[in-house]
Amino acid sequence: MITSSAFHGKKYAVLGLARSGAATVEALLASGAQVLAWDRQDNARVPFEGRCELADPLEMDLTGFDGVVVSPGVPLNTHPVKPHAERFGVPVIGDIELFAQARAELPPHKVVGISGTNGKSTTTALVHHILKTAGVPTTMGGNIGLPILAQDPLPEGGVYVLELSSYQIDLTFSLDCDVAVLLNITPDHLDRYDGSFEKYAASKARLFEMQSAQRLAVVEYAAEADLDVLDGASEQLSIQFIDKVDLPSGQNDWPSLQGPHNLQNTQAAVVACRALGLTDVVIGEGLRTFTGLPHRMERVTTHNGVLFVNDSKATNTDSAAPALAAFPPDPAINNGAPRIHWIVGGLPKEDGLGATEAHLANVKAAYTIGEAGPRFAELLAPHVHVERAEMMCEAVTRAIARARPGEVVLLSPACASFDQFRDYEARGAHFRQVVAALTGSDEEALEALATGETA
């Protein structure tokens with residue numbers, strides 16, 4: 001657990017007691033702070049009964065409090081907690097800001113902060129993996145893994161790798177990253193920014209504004225050229241454009257980092273690791289051995305020469321398009337014929353093929369599922385062979401029957417999951433289970449599938 005004498009004797013209100021909120025309360029109590037905690041769910045409050053005051057800060061006089069710590073999920077543009085705290089001159093912050101304030105007492109270390117609309121989880125995990133491969137003490141947190149305050153402090157020379165959403169940056173004011181990475185910015189979550197793309201971009205840009213002179217800013221060229229994301233940053237920052245980074249070897253050497261989106265992720269990770277003092281030999285080994293994150297271009301298995309890939313996290317056409325681009329025709333495979341068997345559909349977020357249309361030449365056949373299945377079938381029929389499957393099991397069954405060695409069965413749905421699954425993780429887990437059952441690699445999965453006990 002990360003604690004700090006800087007919190008001793010201070011007063012904090014913590015609103016929301018899920019993972020990050022609960023970890024925040026524990027860290028503050030261990031640091032000798034006075035804590036008022038609240039969550040609407042009774043069971044979330046139980047672990048703190050008798051250990052701190054339990055009351056809704058919205059109903060409290062906050063005079064004398066040093067901060068109100070909220071979950072990144074709290075929409076600051078509409079939730080009453082921000083104006084209520086401002087009435088008493090109390091800042092609204094997050095657990096990343098508390099980590100930033102605790103850094104002075106931690107053993108000498110560095111911090112890599114990674115943000116962007118797409119790719120930040122993979123890039124964070126990749127940097128963390130490369131550092132581990134190199135024997136550098138490291139941990140990852142923020143929007144990935146365990147809450148940062150719940151983790152043990154790293155020894156001297158350690159590197160904290162933080163995935164930072166715009167929501168977390170909004171609640172952070174003093175995080176001076178040694179390396180700050182902004183992968184890309186495209187319209188997303190605009191409801192949190194009053195519909196303004198400019199406000200959303202400005203939120204991301206604050207990652208650079210918090211850096212002191214001589215730090216490294218790693219940024220997509222388009223984000224700076226089109227959105228001026230470095231305008232508020234120190235003029236003495238070192239700047240590296242992601243697009244200009246040379247790589248240790250070719251992308252074909254890294255099985256779990258295929259596709260143009262992963263090229264950008266890799267370029268960002270490479271420049272960050274070089275800045276931390278790693279050699280290209282060590283970095284190359286980390287790229288080669290990286291296995292990827294679940295549900296993000298996850299290589300599930302290879303059966304009879306057919307690769308099965310779980311990209312369930314692709315919940316819109318913009319995020320599915322790079323997956324389709326990752327497996328172009330190969331002259332050495334089936335005379336250069338298209339080789340993707342694309343499982344697509346779910347709860348639609350948009351009407352049309354969007355960015356996926358540019359990569360349909362890579363698709364041998366499409367298998368449509370879910371609520372959006374019929375619409376995708378109509379749109380795709382003029383371009384590729386289409387089979388209307390409706391359910392995941394039927395789609396995988398049909399894809400296995402048609403796929404030949406060297407081809408790819410790709411779940412990249414371009415839709416939300418909520419028509420048939422709890423979330424994209426459940427959808428991806430179900431795909432893995434179906435693949436395991438139908439390829440005969442898991443008898444338990446086959447039995448579960450037969451009895452309807454699916455993930």
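Helices (H or I, at least four residues) and strands (E, at least two) are DSSP runs, numbered from the N terminus. The model is predicted: local features need pLDDT of at least 70, side-chain atom pairs count only at pLDDT 80 or more, and totals for chains, interfaces and linings use all residues. Residues are numbered from 1 along each chain as its sequence is written, and side-chain values use heavy atoms, with hydrogens and water left out.

Two annotated regions were examined. UniProt, in an unreviewed entry, places the feature "domain: Mur ligase central" at residues 114-224; such annotations may be inferred rather than shown by experiment. Over residues 114-224 the chain is 32% helix and 19% strand, with the end C-alpha atoms 16 Å apart. The feature "domain: Mur ligase C-terminal" is listed by UniProt, also from an unreviewed entry, at residues 295-415.

Helix α8 (residues 221-227) contains Asp-226. This residue is exposed, at 60% relative accessible area (buried means under 20%, exposed over 50%, partly exposed in between; 1.4 Å probe, protein chains only). Together with Glu-209, Asp-228 and Asp-231, Asp-226 forms a negative surface patch. Patches are made of residues with over 30% relative accessible area and no salt bridge, like charges being joined within 9 Å and nonpolar side chains (Val, Leu, Ile, Met, Phe, Trp, Tyr) within 5 Å.

The whole structure holds 17 salt bridges (a side-chain nitrogen of Lys or Arg within 4 Å of a carboxyl oxygen of Asp or Glu). One of these joins Arg-215 and Asp-176 at 3.2 Å, N to O. Arg-215 lies in the loop between α7 (197-209) and β10 (216-219), and Asp-176 in the loop between α6 (166-170) and β9 (179-182), so the pair ties together parts that are 39 residues apart in sequence. Arg-215 is partly exposed at 23% relative accessibility, whereas Asp-176 is buried at 16%.

A salt bridge also links Arg-375 to Glu-378, with the closest N and O atoms 3.3 Å apart. Both residues belong to helix α12 (residues 373-380); because they are 3 residues apart, about one helical turn separates them. Arg-375 is partly exposed at 37% relative accessibility, as is Glu-378 at 47%.

Asp-423 and Arg-422 meet through their side chains in a salt bridge of 3.4 Å, N to O. Asp-423 is buried at 19% relative accessibility, while Arg-422 is exposed at 64%. Elsewhere, salt bridges with shared partners join Arg-103, Asp-176, Asp-178 and Arg-215 into one network.

Methods
Accessible areas come from the Shrake-Rupley method with a 1.4 Å probe; for residues, only the protein chains shown count as cover. Lys and Arg count as positive and Asp and Glu as negative; His and the chain ends are not counted. The place of a charge is taken as NZ of Lys, CZ of Arg, CG of Asp or CD of Glu.
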